[in-house]
Amino acid sequence: MTPPVGQWWRDAVLYQIYPRSYADANGDGVGDLPGITAHLDHLAWLGVDAIWISPITVSPNADWGYDVADYCDVDPALGTLADVDALIAAADARGIRVVLDLVPNHTSIEHPWFVEARSSRDAPHRDWYVWADPAPDGGPPNNWVSTFTGPAWHLDDATGQYYMRSFLPEQADLNWGNPEVRAEFERILRFWFDRGVAGFRIDVAHMLVKDAQLRDNPPTDDTDFWMDQFRGQRQEYNANRPEVHDVYRRWREIAEEYDPTRLLLGETHVFDVDAIARFYGHDDELGLAFNFFFLYADFDVATLRRVVGEADAAIPSDRGWPVWAGSNHDKTRFPTGWAKGDERLARVALMMLLTLRGTPVLYYGDELGMPDTHVPDDRLLDPVTIAVGRVVDRDAARTPVPWTGDVATGAGFTAPGVEPWLPFGDVAACNVADQREDPGSMLHFTRDLLALRRATVELRRGGYTDVSIRGSEVWSFLRDSTVQVVLNLGDAPDRVPVCLQNARVLLATDRVSEGAPVSGLLEIEGRRGVVIAGDVEVFDQAGD
Ligand code: GLC
């Protein structure tokens, strides 16, 4: 059960921070790095092992940090390189690692490389980007579409060619066929690793390499995942190219030159579980690769069991390690999406995240059961929501942390009287200060779950065996042969066989009957979850 040497992330709980919304130390309404540093004691109290911070590098903010204009400096709104060093040192003193966000697929069009590249067809950096002549009718060179609507191409009038833009026109795709681009990013990785950064989350990790012949993508059919169907084409040539694996094998070599090994956590937005697994290589590419089937899954037992079971089979421990998240900065928070505002279900979801076989990634606010915040039209800042409407509502999941319940004093996020960059939600109903005072709160429940996970090697490293009864709304699984997790996602009570002898309840979402013995059939209320442990193995199918 011991993870491969140096792969600390297999034992860890990660916590994603959206830096503009975590804590504002200088009172300008925007969260910053000193704000994060000031709250590390809270994160240590909570018990997270590593924080992943969404981009902090210089950005004109067309896409809020995901359009980078300098990969080796900090955006002035968020702080300085000295602030990063201070954050890493302070986090290290508390046993917390710092993972940053790398955006290698594209740069801002304000990046000096692109400014120079678009100046002429002969510019030295021209070939650092993906350029193509117009089609014979003057239109885009092929049928590739942008993730953010419209063609994936933007006509540059001055030089008469299109540049590729998989996202906004302000985000120009780099040419990963060019060895100079590869060398530059190896330098960037080392720049941050040398400063003590514990790893990177890699933005759209599946997209970097494009088909050199720019062939058209084939159309989808009704066997494709709904998100691909929505796009109308399979991302066969503009993404998911086999050559991208060379990049990650090389990066993994670099990550392993460091002690401890640096984490490569991919945003692998692909809808094929074998393709997700391939990003681990033979444990020689990405350390973790996100599973978006899970993030987009409905909160129903059949779907979740299928998604988790398939990933568990596709990612054995000698190949890699699954990773699970229920919220992030691009989608509805799970207390709103999965739990529909019901705290009992939010607790069940949290128990699921923290007991599955794999590394959990919490998004800031998950620990509070923080819901999405309605952002009025005149306060919307996300270019995608503004362009396509509320079908995508990313700002709702990006609002400031309610450290206290008092808006008049800045809710502990910013200075009194300062309007935060995105509005607060209902801070009286959900805030850190009140929940820290209340041992029955979601925050304490999260902390206790984290402590249980840390203390229970089976939860961190054990194998997963699904022992649910088909058709039931109760998900029941074993972690190794001595811990059983029972999650009732339905409304009605149900009865579930206890697979362990001499078993007792370790933790319950409603905090009732913890420590009590259980045997035979466990009666489980609707919207309730329990973790139980037995000290005698009677079930021996699991294990890795
Ligand atoms: C990723 C990020 C998202 C961003 C996009 C373009 O999907 O998570 O926030 O808009 O990449 O960089």
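# Pockets, a sheet and a helix

Helix α6 gives the most residues to the lining of the largest pocket: four. I start there because the pocket sits at a boundary: domain 1 (8-107 + 179-453) and domain 2 (112-173) both give residues to its lining, so the pocket lies between the two domains. Please keep in mind that this is a predicted model.

Some figures for this pocket. The largest pocket has a volume of about 1200 Å³. Its lining is made of 45 residues, and Met227, His269, Tyr296, Asp330 and Val392 are the ones that lie nearest its centre. Which elements give two or more residues to this lining? They are α6 (226-231), α9 (292-295), α11 (334-337) and α13 (383-388). Sorted by class, the lining has 20 nonpolar, 13 polar and 12 charged residues.

Now the second largest pocket. The volume here is about 400 Å³. This pocket has 17 lining residues, of which Gln235, Asn240, Val270, Asp272 and Ala275 lie nearest its centre. Two or more residues come from each of α7 (244-256) and α8 (273-278). The lining divides into six nonpolar, four polar and seven charged residues.

Next, the cavities. How many cavities of 30 Å³ or more does a search of the whole structure find? The search finds three. I will describe two of them.

The largest cavity has a volume of about 90 Å³. Tyr18, Pro19 and Arg20 are among the residues that line it, and the lining also includes Ser54, Pro55, Trp64 and Asp75. By class, the lining of the largest cavity holds five nonpolar, five polar and two charged residues.

The second largest cavity contains about 60 Å³ of space. Its lining includes Val68, Tyr71, Leu100, Ile188, Trp192 and Phe200. Here the classes are 10 nonpolar, one polar and one charged. Two elements, β5 (97-102) and α5 (179-194), each supply at least two residues of this lining. Strand β5 gives the most, with three residues. Pro55 lines the largest cavity, and Pro55 also lines the second largest cavity.

Strand β5 takes us to the sheet. The sheet is open and has eight strands, in the order β13-β12-β11-β5-β2-β1-β15-β14, with parallel pairing. Strands β13 (288-289) and β14 (323-325) stand at the edges; each has a single partner strand, so one side of each is left without a neighbour in the sheet. As background, strands of a sheet pair through backbone hydrogen bonds, either parallel or antiparallel.

Let us look at β15, which stands between β1 and β14 in that order. On one side, β1 (residues 14-17) and β15 (residues 359-363) pair in the parallel sense over three bridges. Within this pairing, Leu14 has Val361 of β15 as its bridge partner, and Gln16 stands opposite Tyr363. The pairing of β14 with β15 is also parallel and also runs over three bridges. There, Ala325 stands opposite Val361.

Is β15 mostly covered or open? Five of its five residues are buried, and the strand is mostly covered. In a regular strand the side chains alternate between the two faces of the sheet. For β15, Thr359, Val361 and Tyr363 are on one side, Pro360 and Leu362 are on the other, and all of them are buried, which leaves both faces covered.

Ala23 is in the loop between β1 and α1 (33-38). Is Ala23 buried or exposed? Ala23 has a relative accessible area of 2%, and buried means under 20%, so Ala23 is buried. Ala23 is 155 residues from Asn178 in sequence, and their C-alpha atoms are 39 Å apart in space.

Last, helix α15. The helix has 14 residues, 442-455, and at 1.5 Å a residue it should span 20 Å. The end C-alpha atoms are 20 Å apart, which agrees with that expectation. Which residues of α15 are buried? They are Met442, Leu443, His444, Phe445, Thr446, Leu449, Leu450, Leu452 and Arg453. When you look at that list, recall that an α-helix has 3.6 residues a turn, so residues three or four places apart point the same way.

Conventions: Residues are numbered from 1 along each chain as its sequence is written. This is a predicted model: local features need pLDDT of at least 70, side-chain atom pairs count only at pLDDT 80 or more; totals for chains, interfaces and linings use all residues. Side-chain values use heavy atoms; hydrogens and water are left out. The expected span of a helix is 1.5 Å times one less than its number of residues. Buried means under 20% relative accessible area, exposed over 50%, partly exposed in between (1.4 Å probe, protein chains only). On a 1 Å grid over the protein atoms alone, a cavity is a set of points where a 1.4 Å probe fits but cannot get out, and a pocket is an open set with protein on both sides within 12 Å along at least five of seven lines; lining residues have an atom within 4 Å of a point. Grid points are joined across faces, edges and corners, and a volume is the space filled by probe spheres set on the points. Ala, Val, Leu, Ile, Met, Phe, Trp, Tyr, Cys and Pro count as nonpolar, Asp, Glu, Lys and Arg as charged, and the others, Gly among them, as polar. Two strands pair if DSSP finds at least two bridges between them. Domain bounds come from an automatic or database domain assignment.
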